[in-house]
Structures are given as C-alpha cells and as structure tokens.
Amino acid sequence: MKKIEAIIKPFKMDDVREALADIDITGMTVSEVKGFGRQKGHTELYRGAEYMVDFLPKVKIELVVKKEYVERCIEAIMKTAQTGKIGDGKIFVTSVERVIRIRTGEEDGEAV
C-alpha cells in the first residue's frame with residue numbers, strides 16, 4: 001500500500017478528481033491548506049496599503065492505493081494539475097504499513 005499526497009492549485013481540484021475517477025480511484029481526502037515554495041508568496045493591495053501574502057492557498061489530496069495503482073495516479077494528477085507555471089505543486093509517495101476500516105475491521109487492500 002502507498003499513500004499519495006498531492007498539493008495542487010485549488011482551481012485544478014475538480015479536474016484532478018475527475019481524472020482519478022476515470023482510473024477507478026474513488027476514495028480520497030481533500031484539505032484546504034496554505035503554503036509556499038519557490039514562488040515565495042506575492043504582494044497585494046488592500047485599502048491602499050501593500051502587504052505581503054506569504055502563504056498561498058493550495059489543496060492537499062491524500063490517497064491510499066494498492067502499489068499497482070501508484071503510477072497511474074501520479075500520471076493522472078500530473079496531467080491534469082500541471083499549468084506549466086510556478087506553484088503547480090508537489091506529489092509525495094510514502095509507504096503505508098497497515099490500513100483498517102473501522103466499520104468492518106477489514107484490513108489493507110480490502111479496507112481501501
């Protein structure tokens with residue numbers, strides 16, 4: 001089992017969800033997050049005063065999938081989330097030791 005965490009631009013969320021659904025990935029957790037990387041935020045004007053916005057809004061998608069689905073998920077996320085501009089996001093893949101469905105007690109592949 002692998003956990004895929006993708007941090008993407010918020011306006012790309014629906015496209016990514018649809019692309020994952022097309023490859024039969026239906027379960028995911030989505031969070032609104034803020035952060036910055038190389039783009040280091042930007043300045044905005046509010047009531048005549050300029051101020052720095054350090055943390056930019058992003059969406060974090062978390063999926064736990066069987067190992068054989070990892071590359072398909074990465075390709076689907078990259079294809080749909082990529083704009084070619086700075087701030088497109090990142091994808092992290094980590095190992096998951098155990099998954100348990102609370103309702104039924106099913107574990108690992110059956111729990112996902």
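## A tour of salt bridges and pockets

Start by selecting D88 and K9: the two form a salt bridge, with their closest N and O atoms 3.7 Å apart. (A salt bridge here is a side-chain nitrogen of Lys or Arg within 4 Å of a carboxyl oxygen of Asp or Glu.) D88 sits in the loop between α2 (70–81) and β6 (90–95) and K9 in the loop between β1 and α1 (13–22), so the pair ties together parts that are 79 residues apart in sequence. Helices (H or I, at least four residues) and strands (E, at least two) are DSSP runs, numbered from the N terminus.

Before you click on, know that this is a predicted model, where local features need pLDDT of at least 70 and side-chain atom pairs count only at pLDDT 80 or more, while totals for chains, interfaces and linings use all residues. Residues are numbered from 1 along each chain as its sequence is written, and side-chain values use heavy atoms, leaving out hydrogens and water.

Now color by accessibility. D88 is buried at 16% relative accessible area, and K9 is buried too, at 14%. (Buried means under 20%, exposed over 50%, partly exposed in between, with a 1.4 Å probe and protein chains only.)

Next, pick E62 and K3, another salt bridge, with 3.0 Å between the closest N and O atoms. E62 is buried at 19%, whereas K3 is partly exposed at 24%.

The structure holds six salt bridges.

Time for the pockets. (On a 1 Å grid over the protein atoms alone, a pocket is an open set of points where a 1.4 Å probe fits, with protein on both sides within 12 Å along at least five of seven lines; lining residues have an atom within 4 Å of a point.) Select I25, G27, V64, V65 and V112: of the 15 lining residues, these lie nearest the centre of the largest pocket. Its volume is about 350 Å³, and β5 gives the most to the lining, with four residues.

Last stop: F36, G37, G87, G89 and K90, the closest to the centre of the second largest pocket among its 14 lining residues. That pocket has about 290 Å³ of space. (A volume is the space filled by probe spheres set on the grid points, which are joined across faces, edges and corners.)
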